[in-house]
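Biologist: Hi! Could you walk me through this model? I'd like to start with what you count as a contact.

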Amino acid sequence: MQTMMIIDIGTTAVKMSIYDEDLALLRDATIEYQLITGENAIAEFDAEDYWRHVCTLAQRLEVSKLQVAGICVTTQGETLIAVDAAGKPLCNALVWLDGRAVSQGEKITKAVGTEAFYLATGIPECNGLCPVSKLLWFKEERPMLYERTAYFLLLEDFILFRLTGRFVTEKSLLTTTGYFHLGAVHCPSRHVCKGAGRQAVNRMICQPLAQANADTNLALKRKHLWHLLPVVCVWQSRNSAA
């Protein structure tokens with residue numbers, strides 16, 4: 001019997017479910033975790049732990065004994081992970097509700113203008129939660145780490161990389177990042193480049209993903225999911241509702 005694996009990474013829990021061909025739930029499991037929080041609205045998490053939890057759940061559900069036909073990935077919002085060229089995290093993930101980049105959001109708003117930012121990105125304001133503000137925060141406050149960073153991945157991008165070995169992204173999540181133009185989601189907005197700097201924006205992932213195959217020579221084989229599987233991703237819930 002063929003099955004489908006669902007990976008759902010929320011703000012404080014990682015969930016995995018297995019469904020049969022009729023979408024009947026066969027088994028599921030959850031791992032809860034706590035964020036690292038602090039002053040100035042800091043909210044972080046060890047980026048590697050996201051993947052460790054996924055692997056632990058796969059072992060707990062004995063996925064290697066199942067005939068998995070495909071994997072579907074869905075995650076929390078705009079959690080940002082700085083990685084090197086090999087995809088290794090260089091620091092903790094900045095969780096989507098981390099609001100440290102308030103002053104950077106104000107700088108971008110001043111440089112671009114609220115109306116121009118809205119018309120380009122569809123986001124009413126550029127605040128401290130916006131990934132584009134956090135890009136500028138890295139550039140200003142962590143310049144050495146910024147220079148070492150090959151890509152700033154969203155959390156879903158990070159999981160997709162671990163599954164497939166490819167640096168790709170998913171369009172629905174890009175709608176709330178602040179650095180992609182509504183008219184061409186995979187291209188940086190010239191307005192945002194004016195505010196955050198083109199170098200910063202170009203470090204983001206610009207290749208949209210519809211579907212990718214999991215690489216048997218990478219994560220899946222190491223974690224006992226050794227079939228060559230299609231991997232798809234779904235819309236973030238709040239974007240779908242909008």
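Modeller: Happy to! Contact means heavy atoms within 4.5 Å. This is a predicted model, where local features need pLDDT of at least 70 and side-chain atom pairs count only at pLDDT 80 or more, while totals for chains, interfaces and linings use all residues. Residues are numbered from 1 along each chain as its sequence is written, and side-chain values use heavy atoms, with hydrogens and water left out.

Biologist: Great. Leaving aside neighbours within four places in sequence, what is Ala82 in contact with?

Modeller: Ala82 is in contact with Lys88, Pro89, Leu90, Cys91, Leu145, Thr149, Tyr151 and Phe152.

Biologist: And where does Ala82 lie?

Modeller: In strand β7. Strands (E, at least two residues) and helices (H or I, at least four) are DSSP runs, numbered from the N terminus.

Biologist: Is Ala82 buried or exposed?

Modeller: Buried, as its relative accessible area is 1%. Buried means under 20% relative accessible area, exposed over 50%, and partly exposed in between, using a 1.4 Å probe and protein chains only.

Biologist: How far apart are Ala82 and Leu154?

Modeller: They are 72 residues apart in sequence, and 8.9 Å apart in space from C-alpha to C-alpha.

Biologist: Switching topic, which residues have the most contacts inside the largest nonpolar core?

Modeller: Those are Ile7, Ile9, Met16, Tyr50 and Ile159, in a core of 37 residues. By nonpolar core I mean a set of buried Ala, Val, Leu, Ile, Met, Phe, Trp, Tyr and Cys residues joined through side-chain atoms within 4.5 Å.

Biologist: What supplies the largest share of this core?

Modeller: That would be α1, with seven residues. Apart from this core lies another one, of 24 residues, including Leu80, Ala101, Leu154 and Tyr179.

Biologist: OK, now Asp98. Where is Asp98 found?

Modeller: In the loop between β8 (93-94) and α2 (102-112). Asp98 counts as buried because its relative accessibility is 0%.

Biologist: What lies 2.8 Å from a polar atom of that Asp98 side chain?

Modeller: The backbone nitrogen of Ala43. For a polar contact I take a pair of N or O atoms within 3.5 Å; within protein, one must be able to donate a hydrogen and the other to accept it, and residues adjacent in sequence count only if both atoms are side-chain atoms.

Biologist: Nice. And which backbone nitrogen does the side chain of Thr121 reach?

Modeller: The one of Ile123, at 3.2 Å. Thr121 sits in helix α3 (residues 114-121) and is buried, with a relative accessible area of 3%.
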